Every structure is written in C-alpha cells, then in structure tokens.
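Please open the model in your viewer and keep the sequence panel beside it. The tour below moves from the whole chain to single residues, with one selection at each stop.

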Amino acid sequence: MEIKKVVVIGGGITGLSTAYFLQKEAKEKKIPIEIKLIEASPRLGGVIQTISKDGYIIEKGPDSIIVTKKSGLKLIEEVGLKENVVYNTAGKSFLHVNGKLHTMPEGAYMGIPTKVTPFAVSSLFSMKGKLRAAGDFILPRGKKLSDQALGGFFRRRLGNEIVENLIEPLLAGIYAGDIDKLSLMALFPNFYDMEQNYRSLVLGLKKTVPRPAKPLKKQPTRKGMFISLNTGLESLIEAVEKRLEPGSIMKGTGVIKIVRAEEGYHCLLANGTSVKADSIVIATDHFHAQQMLSDYSFMDVFKNMPSNSIANVVMGFPKSAIKQDIEGTGFVVSRNSDHRITACTWTHKKWPTSTPEGKVLLRCFIGKPDDQGVIDLADEEIIKIVLNDLNKTMNITAEPEFHIITRWKKAMPQYTIGHLDRMKNVKESLAKELPGVFLAGASYEGVGIPGCIDQGEAAKEKVLHFL
C-alpha cells in the first residue's frame, strides 16, 4: 500500500499535538502515513517557553492550563508527566479599579454574578451600578443576531459598571483585546444561548453551571481551576517531542510557499529545498498562513485580521523588599485605571513550587490595545513603568534582583465581529481549491493550550478522513 505523506507546518502546541495524534493513530491502526513536522525556529513550543534559573521556574508565555477543558491534562498524562502536575493556589484575586484593589466578588463566572449577595456588598460598584445589573432579571431577550460585540452584549444585560469594572478586565486579560470589538459568537456563544433560552444571564448560569461539591471539612489550601508542571510547561513540549518518530521533525527552516502539484502539494522551504505532501496542516498564525497561500484570494481576509502584542515582565525580589504584602494571587486592571500594566500575578503565591524560599516572583503584563507602543520601549523603561504601577498598591523598596522581559509581537489574534463567518468561508474555499489542506491554531478556532490541543486532534481526524 502506498505511504501517504502529511506535512504539519508550525511547531507550537497545535502543530506538535497534530503530529503526535497522527503518529499515534497511524501506529495503533497501522495506517501507512509518514508525518513531517516543519518549524521555522530552532525550537518547538511557540509561546510556551520556560526558564529554570537559580531555583525559579519562570514562564515566558502561558503559565497554566485550565482543568475544565480535559485535553490538556489528558495529554500531560499520556506523555508521562502526571506526577509533575501542580494546581494553583486558590487564594484571593483582586481588581484594580478607581485607584485601589477590590476583592473579586465570590461567584463571578467570567464576571457575571452567580451569587447575588457578594455583588450586593462589593465595593466595586455604586448602588446605581448594582441596580442596573439587577436589570438582567427583568430585561427581555435580545434580538436574534448572527454576531455582536462582547462589550455591547454585556452592557445591554448588566450595564456599564459591571462591564468596565469586572468583565472587561477579566476578558481583556485573557484575550488582550478590546471587548467592544471582539466577537460574542466566536468567544462566548454559550452566553448568547443562555439569553435566548433563559432570558436572564444570571438565571441561565445558575441553571447550567454545576455547583461545586461542598468539602466535608475546611482544607488548609484549596486547589484552583488551573494546573501547571513543577518543571515548567515547556516540559510538556519536550515530552511530546520525544515521542515523535526519529527524523520526523525539521527545525530551523520555514515554509515560504505551498504549491499545488498534479498530485498533492509541494512545500517550498526557505533553505531552497521542497517537501512533497499529500495533505498539509497549517498550524501557524494567520499572517504566515496567508503568505504561504498568497496565490489564493480567499486567504486575503487574514491580511486584515488584527493581532495584538503584549510583553510579559517577570521580576525576582528578596521577600524583605515587599513592604506591603497582600494575601492573594494577583490582580487585573480596569482599562479606566491610570495603570499601564494590565495584570500582575504574585507567582510565588499562585505557584509556590516556582519560587525559592525567601524570594518573591512577580509577573506583570503590559500592552493594552490602545498602548501597543509600550512594548517597544527599552527594558529599563518598562521596568520603571511596571514598578511605578505596582507601587500604587505595593510598597517595593528595592530594585529587582533580576528581570526577564519577553515581547510577544502580534501574538494575540483578535476574533472580531464576524470571525466565524470569515472562517467558514475560508474553510469552504480551502476544501474546494486546496483539498487536503487544513488550518489549525490560535488564530482560527480557539485560544489557550487546551483549545489548541483540541484543534490538533480535530486536524488529525480531518487528515485521516481526507486520506
């Protein structure tokens, strides 16, 4: 039987997962395919990067995997890292609004109340804001729409204060975008369905979100909703890479163009060579995908798809340098605040195994949608900005013992209004004009590590079905 050749372009978690799942199923079912993973950079993992330094475990990219999406933990267990799993400490988290820190109201689900009392007594909102949010109980369903802005949807249901002081800081922290431009149907179609089915978001959440089981006795440290690895998340990348067939990975040269041949495709590489393929999974960002398929006008839509930049700023201190210690795991910042940082994680508290005894590890983010230029400032200027913001709530008396700044340029794809329709059109055009070529990754159908792993598994199914 003829061996079919599959090329996976891009060695981030999506491409790596695709290659892993394809090789695994081919081996188990004795399917005659040969997989080649091509990555332009000298390493795999994309934004997942870990530094081990002087007893610290420092994440330059994502620091966690949400446990409610099962694919992340499943892959960790498959590659033999179950014993390395650690849960985040479920301490208090805060919002910085109107010049001070406020405790996150208990029962907030993506900023939407599931418990009335914590919101009624919260200092985050005025009485007028609380009464407006209560309008969710009596407002009619919204009109049936194919899509709408996240911000507009939540403002209509809950009012401006809830959105500006709670929902926006939480969602902007996840998606690094402007919620008044982001697509409701691409990111949270469940909220649209709740409004249509239950009329009220609060009542819909109460009926659809399972209640956590009550503990039999109070635990000294509660497990959070996120996991990591005590050796850093890059350990997952390394473990998956080790399980790929020898010779199946090509690093250090990218694909510059995909050309349709009489049979299959040719991937033209930056080093002047080419690789033949019967099927291709493009697991890169949308900019590079468009460049590789620039001969096809239906890909031009990705020229206009925005992608924001952020910088991850990590600083280490002796514990004695923090004079105003706050019990909790960190805070997010309202966009109406005078802060230029968007969030700060007290990593030594959220992930105690990440930090040596007697030390403090802080991780901050900068790069609001309307402040993208801050990313390009010199390290010293960025540290000055971050410390200035932190000292509005924390009294830090010393310079950091070290800092690591990672600039992620155009790394946060923005699912703006109409994203699902645009993706539908691209996928239909691909199937018609380039059968056997598929897109997968954070630019297309879901961000976050589990979302990308899910897309890798889905890409595996599409390739095998095509072949």
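With the whole protein chain of this predicted model on screen, a cartoon view will show 15 helices and 22 strands. The radius of gyration is 23 Å, close to the 23 Å that the globule rule gives for 467 residues, so the chain is as compact as a globular protein of that length. Its C-alpha atoms fill a box of roughly 70 × 55 × 50 Å along the principal axes, and 53% of the 467 residues count as buried. Among contacts with a separation of 6 or more, 73% are between residues 24 or more positions apart.

Select helix 1, residues 13–29, and show the side chain of E25 within it. Is this glutamate, E25, buried or exposed? With a relative accessibility of 13%, E25 falls under the 20% cut-off and therefore counts as buried. Leaving out residues up to four places away in sequence, E25 touches K30 and I31 and also K460, E461 and L464.

Strand 5 is joined to strand 11 (residues 223–229) over 2 bridges, in the antiparallel sense, and if you label I65 you will find it opposite I227 of strand 11.

Move on to N98, in the loop between strand 7 (93–97) and strand 8 (100–103). Although N98 is not a glycine, it has a positive phi of about 50°, and with a relative accessible area of 68% it is exposed.

Now select helix 6, residues 160–175, and draw a line between its end C-alpha atoms: they are only 20 Å apart, whereas a straight helix of 16 residues would reach 22 Å at 1.5 Å a residue. Where does helix 6 bend? The bend, of about 45°, is at I167, and a proline, P169, follows within four residues. Both I167 and P169 are among the buried residues of helix 6, a list that also includes I162, V163, E164, N165 and Y175. Step just past the end of helix 6 to A176, which takes a positive phi of about 50°.

The following stop is V360, in strand 20 (residues 359–366). V360 has a relative accessibility of 3% and counts as buried. Show F317 as well: V360 and F317 are 43 residues apart in sequence, yet their C-alpha atoms are 5.1 Å apart in space. Setting aside neighbours within four places in sequence, the residues in contact with V360 include Y56, M315, G316, F317 and H348.

Finish at K410, which lies in strand 21 (residues 402–413). K410 has a positive phi of about 50° although it is not a glycine, and this residue, K410, is partly exposed, with a relative accessible area of 48%.

Methods. Residues numbered from 1 in each chain as written. Predicted model: local features only at pLDDT ≥ 70, side-chain atom pairs only at ≥ 80, totals over all residues. Heavy atoms only, no water. Buried < 20%, exposed > 50% of the residue type's maximum accessible area, 1.4 Å probe, protein only. Expected span 1.5 Å × (residues − 1). Bend = angle between axes of the 7 residues up to and from the residue. Rg over C-alpha atoms; globule rule 2.2 N^0.38 Å. Contact = heavy atoms within 4.5 Å. Pairing = 2+ DSSP bridges.
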